[in-house]
Amino acid sequence: MTDKTRLYSGMQPSAESLQLGNYIGALLNWKKLQEANDAFFSIVDLHAITVAQDPALLRSNTRRTAAQYIAAGIDPSASTLYVQSHVPAHAELAWLLNTITGFGEASRMTQFKDKSLRHGSDSVTVGLFAYPVLMAADILLYDAKIVPVGEDQRQHVELTRDLAARFNSRFGETFVIPEADIVKETAKIYDLQNPTSKMSKSAESHAGVIWVLDEPSVTAKKIMRAVTDADGGVVFDRENKPGVANLLTIYSVMANRSISSLEDEYAGRGYGDLKKGLAEVVTGTFGPIRERVLELLADPAELDRLLAQNADRAAEVANVTLAKAYDRVGLLPRPRR
Ligand code: AQP
């Protein structure tokens with residue numbers, strides 16, 4: 001037992017590489033938070049199968065995502081880093097929570113609406129609809145107090161809070177009510193070709209998506225081609241200059257510098273110089289991560305061993321919460337023989 005605050009977060013293994021938004025909006029924050037908290041970080045493969053996917057790719061992307069967590073600084077001996085489907089309690093608690101979730105409240109989830117539009121109504125499944133309920137189960141199983149996520153996940157954490165409070169009031173105190181921890185400045189990184197849309201693994205075009213595992217030359221090229229504006233001034237103005245504001249945000253976080261110091265440095269020098277400077281910073285960070293990922297992937301048995309060990313640790317906590325929830329709802333305990 002530890003008296004550190006419990007923290008839970010996860011990412012879908014929905015691509016071969018994570019993108020820059022996942023790195024800045026999630027991983028960087030996780031890395032900072034893991035020291036002071038008792039952190040659980042999951043690779044949420046059960047979420048990734050809520051849209052059409054390829055089984056062999058999913059398997060390989062799950063290992064690749066785990067390797068990226070570790071290479072980016074998540075320490076699997078200090079934090080619990082595991083694959084969601086290795087802990088069956090996630091699916092089991094999700095079922096209980098489905099039974100107290102209103103159809104109307106689930107229908108209001110904007111990510112479901114966005115994804116349904118993107119994937120077309122023929123391929124929208126009940127699984128995709130119930131995605132936020134599974135996410136609530138993920139969080140509540142670990143009595144997590146803090147949930148570090150990007151802005152796009154705020155509504156799902158709100159639903160989790162509502163479900164936890166509803167369950168507690170109906171069946172008695174069971175779940176800790178969690179809070180989203182959203183770093184305002186970096187909550188949303190935008191697509192470099194479409195700087196008013198979120199950068200996303202499943203973007204239709206990859207031209208504006210920076211992949212953590214891209215070759216440095218490809219990353220540099222994408223940054224040099226980022227959409228800006230005709231004005232030419234390196235000034236942070238989210239409304240009128242979204243492209244430049246996005247580049248400045250990324251630069252500021254990755255180089256750990258203030259936006260105003262960047263505005264000063266690049267004043268009167270134009271966007272080409274700004275992009276060149278940013279490309280150096282991004283490739284300088286992602287280059288070593290990429291190398292470490294390749295090393296980790298070269299020894300899949302060791303990676304699997306680590307994941308199994310961490311899943312055991314996660315299951316120990318999750319099974320206690322699940323048993324409590326089953327009991328509160330009134331499910332008859334299976335007799336011991
Ligand atoms: N553009 C972004 N800016 C800031 N944070 C972001 N996150 C994702 N994109 C950005 C944060 O990354 C975490 C991982 O999320 P996920 O993989 O579970 O799914 P997502 O939010 O839907 O991310 P993607 O990349 O857009 O994946 P796909 O395309 O597969 O749906 C979350 O904390 C998220 O906020």
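K222 touches L192, H206, A207, V209, I210, W211 and D214, leaving aside residues up to four places away in sequence; contact here means heavy atoms within 4.5 Å. The structure is a predicted model, in which local features need pLDDT of at least 70 and side-chain atom pairs count only at pLDDT 80 or more, while totals for chains, interfaces and linings use all residues. Residues are numbered from 1 along each chain as its sequence is written, and side-chain values use heavy atoms, with hydrogens and water left out.

- K222 is found in helix 10 (residues 216-224); helices (H or I, at least four residues) and strands (E, at least two) are DSSP runs, numbered from the N terminus.
- With a relative accessible area of 13%, K222 is buried, a word used for values under 20%, with exposed for over 50% and partly exposed in between (1.4 Å probe, protein chains only).
- The K222 side chain reaches the backbone oxygen of V209 at 2.8 Å. This is a polar contact, that is, a pair of N or O atoms within 3.5 Å; within protein, one must be able to donate a hydrogen and the other to accept it, and residues adjacent in sequence count only if both atoms are side-chain atoms.
- Y190 lies in the loop between strand 5 (179-181) and helix 10, and Y190 is buried too, at a relative accessible area of 15%.
- Among the residues that Y190 touches, not counting those up to four places away in sequence, are P195, M199, R238 and N246.
- From Y190 to T249 the chain runs 59 residues, and their C-alpha atoms are 9.8 Å apart in space.

**Around the ligand**

- There are 24 residues around the ligand, and S14, D152, S200, K201 and S202 come nearest; a residue counts as near if one of its heavy atoms lies within 4 Å.
- Q19 places a polar side-chain atom 2.8 Å from a ligand oxygen atom, and Q153 places one 3.4 Å from a ligand oxygen atom.
- Q12 takes part through its backbone, with an N or O atom 3.1 Å from an oxygen atom of the ligand.

**Nonpolar cores**

- The largest nonpolar core has 58 residues, and those with the most contacts inside it are L20, Y23, L27, Y69, I250, M254 and F286. Such a core is a set of buried Ala, Val, Leu, Ile, Met, Phe, Trp, Tyr and Cys residues joined through side-chain atoms within 4.5 Å.
- Helix 13 (residues 270-297) gives the most to this core, with ten residues.
- Apart from it lies another core, of 43 residues, including L128, A136, V147 and A315.
- L20 touches I189, M199, I210, I250, M254 and F286, again without residues up to four places away in sequence.

**Strands and helices**

- Strand 1 (residues 5-11) has five of its seven residues buried, so the rest of the structure largely encloses it.
- Strand 1 pairs with strand 2 (residues 37-43) in the parallel sense over seven bridges, where pairing takes at least two DSSP bridges; S9 stands opposite F41 in strand 2.
- Helix 8 (residues 131-141) is largely enclosed by the rest of the structure, because eleven of its eleven residues are buried.
- Just after helix 8, D143 takes a positive phi of about 50 degrees.
- E35, in helix 1, is exposed, with a relative accessible area of 63%.
- The C-alpha atoms of E35 and I74 are separated by 9.8 Å, and the two residues are 39 apart along the chain.
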